[in-house]
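Dear colleague,

I am passing on the structure we spoke about, together with some notes on what turned up when I went through it. Please read them with the model open beside you.

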Amino acid sequence: MSALPTTAVIGVIGAGAMGAGIAQVAAQAGHSVILHDNQPGAASAGIDNIRRQLEKRVAKGKMRQDEVDGIIARLQPADTVEALADSRLIIEAIVENLEIKRQVFAQLEALCSPDTLLASNTSSLSITSIAANLERPERMAGLHFFNPAPVMKLVEVVSGLATSAEVAETLYATASAWGKVAVHASSTPGFIVNRVARPFYAEGLRLLQEGAGDAATLDALLRQAGGFRMGPFELMDLIGHDVNYAVTRSVFDAYYGDTRFEPSLVQQALVEAGRLGRKSGQGFYDYSREGQHENTAKPQPTISAPAQAELPPLVVQGEPGVIAPLLERAQESGLEVVRRESLQPDGTTRLRLGDLVLALSDGRCAAERAVNEGLEALVLFDLCLDYRNAGAIALSASHATSAEARELATAFFQRLGIDVVWLTDTPGLVVLRTVAMLANEAADAVLQGVCSAEDGDLAMQAGVNYPRGPLAWADSLGLAFVHRTLTHLQQSYGEERYRASFLLRRKALTEENFHE
Ligand code: NAD
């Protein structure tokens, strides 16, 4: 299906943060755009604001003045909705209210030709429901841009029950022609991104609530070990706790209270206290002195002091698999690395430093694993996106592990140039449990026909800058390992929240991947 030609006039309703941004995107792609807002003067103000933003780019040498003039000339403000009558596509970005959106679309349907395409930028309402009373609901779809629309690459093309495949394909091709990364999603709560991203916040909040580590330390681990651009606490502070909590609540309610989406009391308390994040001056972090003493005001992660222990040769039992780059780093640091066959029936890799056993977490806490495997001194380490470049790593030890053995583990990672963070003995540590839960949610979205595995991964990378798509990440870890991790988390907490998606389970059993 081809994109709408640039000769097609695009109508945008709502000249707020999103509507103005979407109008700019369409005008930048070469369309004439009519921007309507029901507040008199708001559409003109929106266009003035676009001009100011673009002129900043001219001042920085990133755009030419004649390009700006061309874009602004293609944008026309309108205080009446009738001005949209000749649009080929109308994108609605007004207040998030089902009744008001329904009225606006009914009004548009009466006004426009039968083949005008209608789209809503809603974040949380059902497209099926918005379109329900239309005479031709098949021409209506969601076109979900992310904030700020001119910058964020992703657009979710959301099909309601009645949306025709042709309309969804035309919108997909049009968003792609506008320079966006388009993905298809079916109209289900949270679509792709706002659903699959929930565990990123939820697991952080759980770890904080359980005292596994403080916010600054957990954020640093997700950045430096997980490769995420921001940790969950700094990100929630940026989004605003009122907004993030409301999205979590709405997804939780929409899935009839599925505990996988359960909101956090920690976040609720912040909302109740008015600590909404950056915008209110305080959230998990204090921003009130920002600019004055920025470096001193921000709490630093709790990392271990340099350990003095002398390291024995590192004995590797089993195939290194995902931790192979860690062993290369050990070798490059001058440490003697000795390979042995695995003694474990399941082929699990163990590293030994004298009597100390080091192993990648598998979702069990160290105490449980030490008991199950009959180990005296056991230290678990966390997953890293890339062990070759990780700057920090989380460790936890079984109860019987001596202070000397912990010191040895600290010295090992420090020798490789990796900062060490000791956590209380927590199942799945930080990055592993977060990634396992993200992949689980993405797998369930695929199972339920919300999106394809390809679009699910693309959405998380282009929409929220994840360093790797959760399903591709799970493939690379081995789906059997991810499934085992989730099962261990479920056993550890006794909660349905950690139940593995059936699709993940089946693929693990049949040794298939999500991507070929
Ligand atoms: P906003 O409050 O900044 O802007 C909404 C604009 O719509 C206002 O200018 C208002 O005057 C106008 N408006 C309200 N009712 C109208 C009507 N009946 N007719 C014409 N204009 C009307 O809101 P926003 O943040 O731009 O959000 C708009 C939509 O985009 C919502 O559905 C929201 O869920 C969705 N969305 C928001 C974000 C975000 O981060 N802000 C991201 C993605 C999607």
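**Annotated spans, ligand site and backbone details**

Please keep in mind throughout that the model is a predicted one. In UniProt, an unreviewed entry carries the annotation "domain: 3-hydroxyacyl-CoA dehydrogenase C-terminal", which covers residues 190-287 and also residues 428-508. Over residues 428-508 the chain is 73% helix and, again, 0% strand, with 19 Å between the end C-alpha atoms.

The other annotated spans contain strand as well as helix. For residues 10-185 the UniProt record, an unreviewed entry, gives "domain: 3-hydroxyacyl-CoA dehydrogenase NAD binding"; the span is 40% helix and 21% strand, and its end C-alpha atoms lie 22 Å apart.

Turning to the ligand, it sits in the largest pocket, and of the 22 residues around it, Met18, Asp37, Glu96, Lys101 and Ser123 come nearest. By class, this shell is made up of nine nonpolar, 10 polar and three charged residues. Helix 1 (17-28), helix 4 (98-111) and strand 6 (140-145) each contribute at least two residues to the shell, and the largest share, three residues, is supplied by helix 4.

An N or O atom in the side chain of Glu96 is 2.5 Å from an oxygen atom of the ligand, while for Asn121 the separation between a side-chain N or O atom and a ligand oxygen is 3.0 Å. In the case of Ser123, the ligand atom concerned is a nitrogen, which lies 3.2 Å from an N or O atom of the side chain. The ligand taken alone exposes 840 Å², of which the protein buries 72%.

Some backbone details may also be worth checking on your side. The peptide bond that joins Asn147 to Pro148 is cis, with omega near -5 degrees, and Pro148 is placed in the loop between strand 6 and strand 7 (154-159). Phe191, although it is not a glycine, has a positive phi of about 45 degrees; this residue is found in the loop that runs between strand 8 (181-186) and helix 7 (193-196).

Finally, helix 12 (residues 265-273) has a feature to report at either end. At its start, a side-chain oxygen of Ser264 reaches to within 3.0 Å of the backbone nitrogen of Val266, and just after the helix, Gly274 takes a positive phi of about 75 degrees.

With best wishes

Terms used:
Residues are numbered from 1 along each chain as its sequence is written. This is a predicted model: local features need pLDDT of at least 70, side-chain atom pairs count only at pLDDT 80 or more; totals for chains, interfaces and linings use all residues. Side-chain values use heavy atoms; hydrogens and water are left out. A residue is near a molecule or strand if one of its heavy atoms lies within 4 Å of it. A polar contact is a pair of N or O atoms within 3.5 Å; within protein, one must be able to donate a hydrogen and the other to accept it, and residues adjacent in sequence count only if both atoms are side-chain atoms. Accessible areas come from the Shrake-Rupley method with a 1.4 Å probe; for residues, only the protein chains shown count as cover. On a 1 Å grid over the protein atoms alone, a cavity is a set of points where a 1.4 Å probe fits but cannot get out, and a pocket is an open set with protein on both sides within 12 Å along at least five of seven lines; lining residues have an atom within 4 Å of a point. A molecule sits in a cavity or pocket if more than half of its atoms lie within 2 Å of its grid points. Helices (H or I, at least four residues) and strands (E, at least two) are DSSP runs, numbered from the N terminus. Ala, Val, Leu, Ile, Met, Phe, Trp, Tyr, Cys and Pro count as nonpolar, Asp, Glu, Lys and Arg as charged, and the others, Gly among them, as polar. UniProt positions are given in the numbering used here, feature names are shortened, and annotations may be inferred rather than shown by experiment.
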